[in-house]
Amino acid sequence: MEALFPTLEIDYDEHPAFRNLARASSWNDKQLEAWIGEIDLALDYIERLQIRVREAESHYRDAVLPKIEALAAYVGQQLPGTALRKAVAKAFKLCGDEILLDLRCKNERRLFDSRPLIGPGELSCHESIHETGLAIAKADTDDLRRLQERTHAEREAMRPGSAADDAGRNVHAYGQYDPASRRAVDILRKTGIWGAAEKYKRLRLELAYCALELSNEGQTWYRDCYSDAGLPTSDTAYLHYDGNFSVIKALIYLNDVDLQAGPFRYNSQSLKWKRSVFTNTLLVHLDQALGERRYHGYGGTYYRPRFKLTSTRNDFASLPRCFRSSSHFGDDLLNGSPMSKRLLEAERPVTGPAGTCILFDGYGGLHRGGLVTKGERWVINVGLQAEAASRFAQRYRRKLREGVIRFTKIAGVYSILKRLRRVFP
Ligand SMILES: [Fe+2]
């Protein structure tokens, strides 16, 4: 019988690109899994408490942080090579920071003042995202025209042949107050997507980013990761979970998108699949830390460089089994494998005319998009972040600034004393 909750675990020991690599065998996988289980349990407990943010922080420092630090120290001790050790240590540190931020936002939800949803747009979007992790709406024709006008200049500049690198991702980021961002926000509010997103997250949201993206069939950023091992591009390439709880995403199609034009695809079943919050967050940061150019030295366009080179595949193989994965694991599934078939069957493509608006829970559910086989896709990507998240970040920056001022004052007094000592020894 098919498992209700697939583990999404890929056996890299059997993967053609990894099976001949030397593997570290000294890891105590059972012990590591037990530690990860304890961290997840503690995080779940703190989240359920729905307490004041400062209390949640205190619980985190007492019950979670020491475990993450112990785990990081254990893993760090056994890894080969300084560069790998440093990158993994950085990933653990950033993972801890991210988990704390998410925990603050999760506890902040107890303060959410749930106003009644107004209008059929908000109601239907909320019902849909609540049940499936995905909501679809349609922008008003005039609003869409205005957005298309506001993005015209950038679209001309991004057309194939104009971009410096046509094989990579082609994105233009707008500022928060740019006319295009304002138009996009306006559409999300009018269609009911914004209100539904706030009610779904139980958090007040603000614009985190707004970006225009062109996808076309000439792009290769997700292709041929394992061509050296004789493998074709995976049918599930770019399938992934997002890394932050505090962000929810929306898309607005600027042209008609059919099945060949790289429609957004979402797997609603995966919302209910159990997975480790800690491992999920750590994998995102391992991908980032080990994906830095200075670490791997890869100059190509493929978007997960650490899986492309034999040297970094060796590093990957030396990690404990529970961390031998990626947030974007879809590229590593073998075509025709049971897991690949199951995931392909479960995903729903969202095709639609220009003006189609999509809200999705990328933290909770598997998704991908922009993999064009024919034609092109113009889309506005919008990230909505919990207002609380930037407030916490500001608080952190303020504390840091106060610390620097205090240090400067102490250093100033010390230097005066030193000078006095020179005059009056
Ligand atoms: Fe995503």
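Reader: In which hand does α2 pass α3, right-handed or left-handed?

Author: A crossing is left-handed if the near helix is turned anticlockwise from the far one by less than a right angle, and right-handed if clockwise. Here α2 passes α3 in a right-handed crossing. Bear in mind that this is a predicted model: local features need pLDDT of at least 70, side-chain atom pairs count only at pLDDT 80 or more, and totals for chains, interfaces and linings use all residues. Numbering starts from 1 along each chain as its sequence is written. Helices are DSSP runs (H or I, at least four residues), numbered from the N terminus.

Reader: At what angle do the axes of α2 and α3 cross?

Author: Axes are lines fitted to C-alpha atoms, for helices over the stretch in contact, with angles from 0 to 180 degrees between N-to-C directions. For α2 (residues 53-78) and α3 (residues 82-108), they come within 10 Å and cross at roughly 160 degrees. The two helices are therefore roughly antiparallel (angles over 145 degrees).

Reader: Which residues touch the most other members of the largest nonpolar core?

Author: A core joins buried Ala, Val, Leu, Ile, Met, Phe, Trp, Tyr and Cys residues through C-beta atoms within 7 Å. Of its 59 residues, I193, I252, C357 and L359 touch the most others.

Definitions and conventions: Angles under 35 degrees count as roughly parallel, over 145 as roughly antiparallel, 65 to 115 as roughly perpendicular and the rest as oblique. A residue is buried if 20 or more other C-beta atoms lie within 10 Å of its own, exposed if 12 or fewer, and partly exposed in between; C-beta atoms are placed from the backbone.
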